[in-house]
Amino acid sequence: MATPKKLSDKVWRNGEFIPWEQATVHISAHVIHYGSSVFEGIRAYDVGGRAGIFRLRDHVRRLFDGMKIYRMETKYSIDDICKASIETVKANNFKGCYLRPIAYRDAGPMGVNPLKNPVTVDIMAWEWGAYLGADALEKGVEMQVSSWNRNAPNTTPALAKCGANYASGALIKMESLVNGYSEGIALDVNGYLSEGSGENIFVIRDGVLYTPPIANSVLAGITRDTIIRLAQDMGIKVVEAAIAREQLYIADELFGVGTAAEVTPIRALDKITIGSGSRGPVTARLQKAYLDLVQGRSEDKWGFITKV
């Protein structure tokens, strides 16, 4: 697991910058007791000596989608938070960094009901390397199918990137680490593939790229969407369908994707070698295309990069 190389000096909070050390939350805040936050993870890469934020508006729109689902009101607009994110990168003199906008229920009335608790919006940043380790992108990682399932539909919504959802992710992650794996993959309530603790999963079989649909309790990943676009551009057939556990073991290639994880090959699952046991050719093509895009080495045909 990568650890932050450098934390930011300044945090954006409700329209102004405050020192990192002062960006604290009171013990009575609703978010501490009930997990009432929605957040985003956004990467900025060094693109020709300038920070280039990847798919900023898409991330911020998803943040606002989560706020709407959880009835969290704010005076800020999507444009406001996009601008504040850019200013956060500038204020901390980063060229490449990880951005974390977060909206949460702050201190107010105690109890489960959050409607009268004010909503605070923060944006923090730090320098972050490879999420699953320095060699993960090249050599791949070993994962396990977790004993913990993802939440069923109509419980806590998977489309909202809510802090409370990551209690599930933490259980999956801790179990996998204790068992000697880098990461865990969760099934949904019906036993079909869902996602990792922080990654969407792709399966390659006979040159076709498979991934679970949103209905299988997965986050609508922005990296997931980018990989689907890149694959379609390459002429790779993409199928969104329910995937049984055993299909993972007989895959030719398997990989996880996310803003933090980028495109990480999975070389073994539950001690079963996947394909050749190394990064496969289709994974390598998609990984290179993704990294070339986010790092500004290829044409930004979709206008995904916001230069700072």
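Gly169 is buried, at a relative accessible area of 5%; buried means under 20%, exposed over 50% and partly exposed in between, with a 1.4 Å probe and protein chains only. The model is predicted, so local features need pLDDT of at least 70, side-chain atom pairs count only at pLDDT 80 or more, and totals for chains, interfaces and linings use all residues. Residues are numbered from 1 along each chain as its sequence is written, and side-chain values use heavy atoms, with hydrogens and water left out.

Gly169 lies in helix 5 (residues 166-178). Helices are DSSP runs of H or I with at least four residues, numbered from the N terminus. Leaving aside residues up to four places away in sequence, Gly169 touches Arg150 and Ser197; contact means heavy atoms within 4.5 Å. Trp148 is 21 residues from Gly169 in sequence, and their C-alpha atoms are 9.1 Å apart.

Two helix pairs were examined next. Packed helices are described by the angle between their axes and the distance between the axes. Axes are lines fitted to C-alpha atoms over the stretch in contact, and angles run from 0 to 180 degrees between N-to-C directions.

Helix 2 (residues 56-69) packs on helix 3 (residues 78-91) at about 125°, with axes 9 Å apart. Helix 2 is therefore oblique to helix 3. Angles under 35 degrees count as roughly parallel, over 145 as roughly antiparallel, 65 to 115 as roughly perpendicular and the rest as oblique. From helix 2, Leu56, Arg57, Val60, Arg61, Leu63 and Phe64 meet Ile78, Asp79, Ile81, Cys82, Ser85 and Ile86 of helix 3. The contact residues comprise eight nonpolar, one polar and three charged. Here Ala, Val, Leu, Ile, Met, Phe, Trp, Tyr, Cys and Pro count as nonpolar, Asp, Glu, Lys and Arg as charged, and the others, Gly among them, as polar.

Helix 6 (residues 222-233) and helix 8 pack at about 115°, with their axes 10 Å apart. These two helices are therefore roughly perpendicular. Thr223, Thr226, Ile227, Leu230 and Ala231 of helix 6 meet Leu286, Ala289, Tyr290 and Leu293 of helix 8. This contact has seven nonpolar, two polar and no charged residues.

Helix 8 is mostly covered, with 10 of its 14 residues buried. Among them are Leu286, Ala289, Tyr290 and Leu293. The 14 residues of helix 8 (residues 281-294) should span 20 Å at 1.5 Å a residue, and the end C-alpha atoms are 20 Å apart, which agrees. The expected span is 1.5 Å times one less than the number of residues. Just after helix 8, Gly296 has a positive phi of about 80°.
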